[in-house]
Amino acid sequence: MQIIPVALMVPVLVFYGLSMAKAQEVPRVGLLYNQQEDASLTGNCKQVAVDQVECDFVQVSVRKKAKAVDLEKKMAEADANFATVQADAASWCQSIVTMWKAVEGKSSPEDAIKQLPNSNPDELRETLTTLRADKANHPSEPMAMEALNRFCATKAKSDYLDFVKRDFERDARTCLVSSNPFYSNVRLGSGLRGGSGSVGGCQRTTWPLRRCKPFSA
């Protein structure tokens, strides 16, 4: 997952939770957030000089795996590529049928592992166990693999497109979360300076350090 560069975040960061009298001069703990990128930045700082603090930051970024506005494009691509998928189906459909039987409970994950010797046993066991639990806990929710299993039986475009739609809708409900810890020096009157050089200057309205000026390495 791509981590948003701090240089791009600084101009839109807002600092919260500063209650100490000196907090405006030397922020020690706070939360910064970027409204447009769904990212947050938490920091713990300590003063090491009159005009300098050292900060440990953790940037957390959250985004959806798929966006609803992209469904139409996804379906058009699936429709255009259907002939290729249909031609190749024989090479992988048996695996899908075997896995679906295990998900439905008509066989066990261990049975599927034995029938699919080229698979990674641990990964397949984990996948099937997760899918079995999902089906048991949400029996009325359509599953993408169910539609794919049906396509393997019919080879019909409508069943394949149903699989693509269900798979996309699942991704649209899935959030991807990542974190990125890093260290920076904050020098009053200079902006943020990190191990990779300048990460942007600051302005009084966006960073609660007095005497902030544009900084370049």
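## Methionine 75 and helix H2

Methionine 75 lies in helix H2; helices (H or I, at least four residues) and strands (E, at least two) are DSSP runs, numbered from the N terminus. This is a predicted model, in which local features need pLDDT of at least 70 and side-chain atom pairs count only at pLDDT 80 or more, while totals for chains, interfaces and linings use all residues. Residues are numbered from 1 along each chain as its sequence is written, and side-chain values use heavy atoms, with hydrogens and water left out.

Leaving aside neighbours within four places in sequence, methionine 75 is in contact (heavy atoms within 4.5 Å) with Leu161, Val164 and Lys165. The C-alpha atoms of methionine 75 and phenylalanine 168 are separated by 9.2 Å, and the two residues are 93 apart along the chain.

## The protein as a whole

The secondary structure comes to 8 helices and 7 strands. Of the 217 residues in the protein, 38% are buried, where buried means under 20% relative accessible area, exposed means over 50%, and partly exposed is in between, with a 1.4 Å probe and protein chains only. Among contacts with a separation of 6 or more, 53% are between residues 24 or more positions apart.

## Helix H8 and its cover

Helix H8 covers residues 157-172, and its 16 residues should span 22 Å at 1.5 Å a residue. The expected span is 1.5 Å times one less than the number of residues. The end C-alpha atoms of H8 are 22 Å apart, which agrees.

The buried residues of H8 are Asp159, Tyr160, Leu161, Phe163, Val164, Arg166, Asp167, Phe168, Asp171 and Ala172. Their cover includes strand E4 (52-64), helix H2 (71-80), helix H3 (82-88) and H7. In an α-helix there are 3.6 residues a turn, so residues three or four places apart point the same way. Aspartate 171, in helix H8, is buried with a relative accessible area of 14%. Not counting residues up to four places away in sequence, aspartate 171 touches Lys65 and Ala66.

## H2 against H8

Two packed helices are described by the angle between their axes and the distance between the axes. Here axes are lines fitted to C-alpha atoms, for helices over the stretch in contact, and angles run from 0 to 180 degrees between N-to-C directions. H2 and H8 pack at about 145°, and their axes are 10 Å apart.

The crossing of H2 and H8 is right-handed. A crossing has that hand if the near helix is turned clockwise from the far one by less than a right angle, and is left-handed if the turn is anticlockwise. From H2, the contact is made by Leu71, Lys74, Met75, Ala78 and Asp79, and from H8 by Lys157, Tyr160, Leu161, Val164, Lys165 and Phe168. By class, the contact of H2 with H8 has 7 nonpolar, no polar and 4 charged residues. Ala, Val, Leu, Ile, Met, Phe, Trp, Tyr, Cys and Pro count as nonpolar, Asp, Glu, Lys and Arg as charged, and the others, Gly among them, as polar.

The axes of H7 and H8 are 8 Å apart, at an angle of about 165°. That makes H7 roughly antiparallel to H8: angles over 145 degrees count as roughly antiparallel, under 35 as roughly parallel, 65 to 115 as roughly perpendicular and the rest as oblique. The crossing of H7 and H8 is left-handed. Ala144, Glu146, Ala147, Leu148, Arg150, Phe151 and Thr154 in H7 meet Asp159, Tyr160, Asp162, Phe163, Arg166 and Asp167 in H8. By class, this contact of H7 with H8 has 6 nonpolar, 1 polar and 6 charged residues.

Helix H4 (residues 93-104) and helix H7 (residues 144-154) have axes that come within 9 Å and cross at roughly 135°. That makes H4 oblique to H7. The crossing of H4 and H7 is left-handed. Cys93, Ile96, Val97, Met99, Trp100 and Val103 of H4 make the contact with Met145, Glu146, Leu148, Asn149 and Cys152 of H7. By class, the contact of H4 with H7 has 9 nonpolar, 1 polar and 1 charged residues.

## Two further residues

Lysine 155 is in the loop between H7 and H8. Most residues other than glycine have a negative phi. Lysine 155 has a positive phi of about 60° although it is not a glycine. At 29% relative accessibility, lysine 155 counts as partly exposed.

Leucine 41 is in strand E3 (residues 39-49) and is buried, with a relative accessible area of 2%. Leucine 41 and glutamine 59 are 18 residues apart in sequence and 4.4 Å apart in space, C-alpha to C-alpha.
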